[in-house]
Amino acid sequence: MKRLFLLFLTLTLLLSACKTSNEPKKTADGKIKIEYWHVNAETQGGKTVKQLVDDFNKQSKDVHVVAKYNPEMYKGLMQNLQSEAAGGRTPDVVQVGWSFKNYFKDNFPYTSPSKVIKESAPNDKDFISQNFEPKMLKIAQDDKGEQIGLPYSISSPVLFINKDIFKKAGLEGKTPKTWEDVKEYSEIIKKKTNKYGVFIQEPADSWAQQAMVDSNGSHIVKDNKAAFANKEGYEVYKYMQDMVKNKTALHMNDEQGQQNFVNGNVGMLFTTVAKQTHIGKNASFDVTSTEMPGWKGKEKKTPAGGAMLAITAKTKEEQKASWEFMKYLYKVENVSAWTKGTGYVPPTKNVIDNPKGLQEYLKKNEMIKPAIRQMTNVVPWASFPDATGLESEQKLLDMRDRILSDDAPVEKTMKETQDSINLEIENNK
């Protein structure tokens, strides 16, 4: 059925492209009109997206950008993109989460930024090499080394700490280095303050869980198959389940959980560094951040969160306009504004120490520094192959909810989920 759907989707897109190949969208005053899809809610850079788009539109004589927010993070964006594509419609520039890189590449028409530059903006032929490190570019490439898109949102998970709660719990001056420390401190916080010790983020992805599983010596995905149902994987989910059961860890939807931290009801928050701007502005207590905890005696691995920008525009005019918008977003001052507004680590060179960039900002904002320091441990965000990406990610979310909400048996639930994912992968070969 999936193969038939993909065939239908491909034929629909081809027919639609034939109909509209010479008909770029335009505004009433003749500007090329492009649509930019993003996942940035108000608490995670939405205001900055609006400001950057507004500023671009004011200075551009030829291009007008319309930004569209997609809820449910990158999974939600992919679902919306799938729906639009089936109807013969696509946006022009999209944020593609790293966990959906393979799914996007295999299921949607796109144009590599390198190709757009070569065909429509030859004066920018050195732009990519001048602005990106090879290691950074690699995470937005396919297995043949072609640029699917360009890195834009780069994050790593950090641990935010309510220093007031730590002080009340007798933990003043202590910094958890390991997940064993987090468990111990959470128990102390619960006993001394009756607050929750930690909230481990629970959005519509398993990024935080990957960070914990990979650092414990297992894998979410290995050799294009689910590979988390083993001793090390079981340990991570049992760890979370036990802490939720004894009420030292908070379990609820992600927005509510993070708001509970901001409201002063939780001692520690494990989430993306991209939340640091929102937390810093809204927390009424003394807050700090530290590097992601590891497991005692094991190598810490930090999955790269965030997204790349990819061009899905159909016509040559729209592709050129899309590149003009992307190039604007990568200007030093705009990458700087993006980092200040979100907390993401800059994807381009010459921003951190640049007077026009983040030089002064970093002197005053300590909470982003742990994320920058731990980028040396960066590993790719697990990406399931081919047509299984959306369904596999949903199965991981269902597994997490069953274990944490329903107290489902960890080993049985994880093994069943892994087998189900791998059966789907095998059936789609």
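Biologist: Which residue stands opposite Val 198 in β9?

Modeller: This is a predicted model, in which local features need pLDDT of at least 70, side-chain atom pairs count only at pLDDT 80 or more, and totals for chains, interfaces and linings use all residues. Residues are numbered from 1 along each chain as its sequence is written, and side-chain values use heavy atoms, with hydrogens and water left out. Helices (H or I, at least four residues) and strands (E, at least two) are DSSP runs numbered from the N terminus; two strands pair if DSSP finds at least two bridges between them. Here, Val 198 of β6 faces Ala 249 in β9, and 2 bridges join these parallel strands.

Biologist: With which strand does β6 pair over 4 bridges?

Modeller: That partner is β10 (residues 266–272), again in the parallel sense; Tyr 196 stands opposite Val 266 there.

Biologist: Is β6 largely enclosed or open?

Modeller: Buried means under 20% relative accessible area, exposed over 50%, and partly exposed in between (1.4 Å probe, protein chains only). In β6, 4 of the 5 residues are buried, so the strand is largely enclosed by the rest of the structure.

Biologist: How many salt bridges are there?

Modeller: A salt bridge places a side-chain nitrogen of Lys or Arg within 4 Å of a carboxyl oxygen of Asp or Glu. The count is 23. One of them joins Glu 235 to Lys 231, with the closest N and O atoms 2.7 Å apart. Both residues lie in helix α11, about one turn apart; Glu 235 is partly exposed at 32%, whereas Lys 231 is exposed at 54%.
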